[in-house]
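Thanks for asking me to look this one over. My notes follow the structure itself, as numbered points.

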Amino acid sequence: MSEILKMDKITKIYPGGVVANYQVDFSLQEGEIHALVGENGAGKSTLMKILFGMQKQTEGKIYLRGKEINMNSSQDALELGIGMVHQHFMLVPSLTVAENIVLGHEIKKGIFLDKTRAIEATKELSEKYNLPINPKNKVQDISVSQKQKVEILKALYRGAKILILDEPTAVLTPQEIEELFEQLMLLKKSGHTIIFISHKLHEIKKLCDRLTIMRDGLSVGVHNVNEVSEDDISRLMVGRDVKLEIDKAKAQPKEVLLRVDGINYINDFGKAVVKNVSFSVRKGEIVGIAGVEGNGQSEIIEIITGLKKATKGKVLVHGKEISNLSVREIRELGMAHIPEDRMHTGIAPNMSIEENFISEKYRSEEFSKNGYLLDNKKISDLAKRLIRKFNVKTDSEKTAVKGLSGGNIQKVVVGREFSSDTDLLIVNQPTRGIDVGAIEFIRKMIVKMRDEGNAILLVSADLNEVMTLSDSLIVMNSGEIVGYFPDASKVMEKELGLYMLGVNKQSEEEIRRAVNE
Amino acid sequence: MSSLKLSTKINKYDTLRTVIAILIALIISAIIIFATSETPIYSINNFLFGPIQKLKYFSNVLEMMIPLTFTGLALCIIYQSKHFSLIADGCFFMGAIVASYVAINFTLPKAIHPVVAMIFSGIIGGCIGVLPGILKIKWKANELVTSLMFNYVFYFFGLYIVNYYLRDPEASVFASYRFNKSFALPRILPGTRLHAGFLIAILFIILAYIYIYKTKWGYEIRTVGDNINFAKYSGINTAKVIISSQFIAGAVAGIGGAIEMSGMYKRFLWDVTPSYAWDGVIIALLAKNNPKYVPLAAFFLSYLRIGADMMSRRADVDNEIISIIQAVMILLIAAERFLAYWKQREENKLAKEKYLNAKKEVQ
């Protein structure tokens, strides 16, 4: 086997100053399936976007078969034989499968598209690579896994020899994943090289030959898959021993503060992503939701916090139905919310730290002068206090938030939410992509808030986090609760894994205990 | 270099970029003048120094600043919420029409008359200002497109009102009846036409600054503009913020129209719209949407205008040269990539330093 591709010391800095990749080396052997793993925000997608010509690296070089290449668009990458299947499909729903596949490389008859030959070409290709598909179907009518096949065929039609698959299994069922893996093995046999992005370690063990691990913008190692265990991989991915112990006393739960009663949610694509979920959270306890990402957790949180409306079902805070309340009214009932994605939802990047601290407090009398003017003195006093209390590293409270590191930005978000007058905290991925110091600090704050009598709902993709922090645990799979554990400290990680993967499922009675009646 | 120093350096790049854009625009216009004028030095001299030759000319600069300030402020407010509406043009024009109507048909005491006109113009301007916002929120219609369309609608609607209700049939050109004498704003500088509208403009600059940077509403507008998802998540009613800020912006533009009428005119004479809103765009751009810098930007633009006017009157260069200067400036300032290389290089340095510091902190 020979080296087909080499990315040499790639650094990518986005305008605005986010360092997404720092001197990353990445190399591919011809005919291998190479896994690229790392937590969200580790820089995998950026690296692949550079390889596919969608982004230009700030520094570094790319070599294809030993020759330096310079790409300015995806078109260039395709011409060099590099294809990419995106996590979010890039297809035209109103066109047929065949039309989508030839789009941009049309076989023409005069000035018109030669539909018959497009269909023939599609058929031929789909038989050759054993990716069965009906070329005449419209893309809007076919299933997700078929759309994925269309994407793969599209890349192959353009002559891709290197195929980048960005989290291809995230949207598939276990059976579809099996099928995809068989097809990928076939592609490998026919001489294609595949880059497989995933954070599902067992998939990588099963499918891939080598893997590159990324953490916080760096490549932290290249290994042969059969030489490392899943534990090793996950340790390298998060950069520390996966067990971070937390001291906490046994919970003293009191009355129910949040009740979720039979909620369902059907997303824009008509898929039921939350199915009949019921549970409750009491004062003085942390209820954790464990599960592979994308199994309905985000939607549940968005429904509880008022950012989405449930298709069916009720959410009660302090016994009050909140389905028809605005976010502001829900917050006024005493709910704070640490959002999943701090950059997307948690901050206003160009505004100062102090202005970010008051986004849910600025209306209160405390911060106003003469009714409608903001009291800047009091605001900066509050900001200084929170910067100290939450250990935010910055020169001044007037600095724009985007100038802080990820961990410090998260501390600003946590500081704001934990300092508002609340007793119900919705905490989603509180420590994702931040440094160990900040992680420990934020986890301790969460336990402290519990001890002060808050009801806390915690969602985390970090299994260790959700197991050590939570007092009781809910496990989700495909939009429904598949397990409830009243005492999180008695759950074994392996056992939890089986529920998360949907192998095990508790009985209805057992699951109903989550309601705490 | 400390990261604080580097970040101020980056801010300086933005200022430098604006200055260079202006210089390039001026150089290009000098080249055009040299290429077309028989007496290029004389032309350029008039263009650059004409406005400061006499108090009267300089006063012309200040007079022209007034409408530019109002539309500039309106666009600063609109753009703070990242809502790219150009409706201020329609608001300004209709403000002038409404004020003319009040000027002709109302009989009121001297000090009260223009104020009443401003109130009516402000309300109508505000109501027009929210239209693109409503269409955006209700039907996701692009505000840039709808506002441009509305500007035509209100331009012709305004002409209709003048033609059917205000037009003086005895005037030889397109003109309304004479305004009542009580409608005129007092002059504030003897020997010039500079009027009290200048003081009102200063007041509005201060009010707009306070509104954007010191009030709860301004905080909401800036939050919506910076990250609308964050605003929603924080419980800010984003639709309300967009509508209310558009109303205020429209009202400011409408009042500007009324002031222009009562300060500078005795009849309504605009058969083509003066399009102050486009000037407002470049003022907001130069001022980076901060009212604090609006007077500076308005002065600059108005100085160029008057200079070009004087050049065209005295020498052989048309004052359309101003459109070229303005176009080049808008192009260069709006083009994010212009001089981005240096800025990017500094930004990259800063980002790398921060990244490596964060790494060190962890260890």
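**Notes on helix packing and sheets**

1. Let me begin with a helix pair in chain B. Helix 3 of chain B (residues 55-80) and helix 4 of chain B (residues 88-105) have axes that come within 10 Å and cross at roughly 140°. Please keep in mind that this is a predicted model. Angles over 145 degrees would count as roughly antiparallel, and helix 3 of chain B and helix 4 of chain B are therefore oblique to each other. The crossing of these two helices of chain B is right-handed.

2. Which residues make this contact? Helix 3 of chain B contributes B:Thr71, B:Ala74, B:Leu75 and B:Ile78, while B:Ala88, B:Cys91 and B:Phe92 come from helix 4 of chain B. Sorted by class, the contact between helix 3 and helix 4 of chain B holds 6 nonpolar residues, 1 polar residue and no charged ones.

3. Now to chain A, where 6 strands form an open sheet with mixed pairing, in the order 18-21-22-15-23-24. Its edge strands are strand 18 (335-338) and strand 24 (480-485) of chain A, and each pairs on one side only. From one strand to the next, the twist averages 15°.

4. Within that sheet, strand 21 (residues 424-428) and strand 22 (residues 455-459) of chain A run parallel and are joined by 5 bridges. A:Leu424 stands opposite A:Ala455, which belongs to strand 22 of chain A.

5. Helices lie across these strands too. Helix 9 of chain A (residues 297-304) lies across strand 15 (286-290), strand 21, strand 22 and strand 23 (472-477) of chain A, and runs at about 150° to strand 21 of chain A. Helix 17 of chain A (residues 493-500) lies across strand 15, strand 23 and strand 24 of chain A, at about 35° to strand 23 of chain A.

6. Another open sheet in chain A has 4 strands in the order 2-1-4-5, with antiparallel pairing. Strand 2 (18-29) and strand 5 (67-69) of chain A each have a single partner strand, so one side of each is left without a neighbour in the sheet. Ignoring direction, neighbouring strands here are turned by 25° against each other on average. Strand 1 (residues 3-14) and strand 4 (residues 59-64) of chain A pair over 5 bridges, and A:Lys6 has A:Tyr63 in strand 4 of chain A as its bridge partner.

7. One hairpin is worth a look. Strand 11 (residues 210-215) and strand 12 (residues 218-224) of chain A run antiparallel and share 6 bridges, with A:Arg215 opposite A:Leu218. The hairpin has 2 residues between its strands, and A:Asp216 in the turn has a positive phi of about 50°.

Methods. Residues are numbered from 1 along each chain as its sequence is written. Chains are lettered from A and ligands numbered from 1 in the order in which they are written. This is a predicted model: local features need pLDDT of at least 70, side-chain atom pairs count only at pLDDT 80 or more; totals for chains, interfaces and linings use all residues. Two strands pair if DSSP finds at least two bridges between them. Axes are lines fitted to C-alpha atoms, for helices over the stretch in contact, and angles run from 0 to 180 degrees between N-to-C directions. Two residues are in contact if their C-beta atoms, placed from the backbone, lie within 7 Å. Angles under 35 degrees count as roughly parallel, over 145 as roughly antiparallel, 65 to 115 as roughly perpendicular and the rest as oblique. A crossing is left-handed if the near helix is turned anticlockwise from the far one by less than a right angle, and right-handed if clockwise. Ala, Val, Leu, Ile, Met, Phe, Trp, Tyr, Cys and Pro count as nonpolar, Asp, Glu, Lys and Arg as charged, and the others, Gly among them, as polar.
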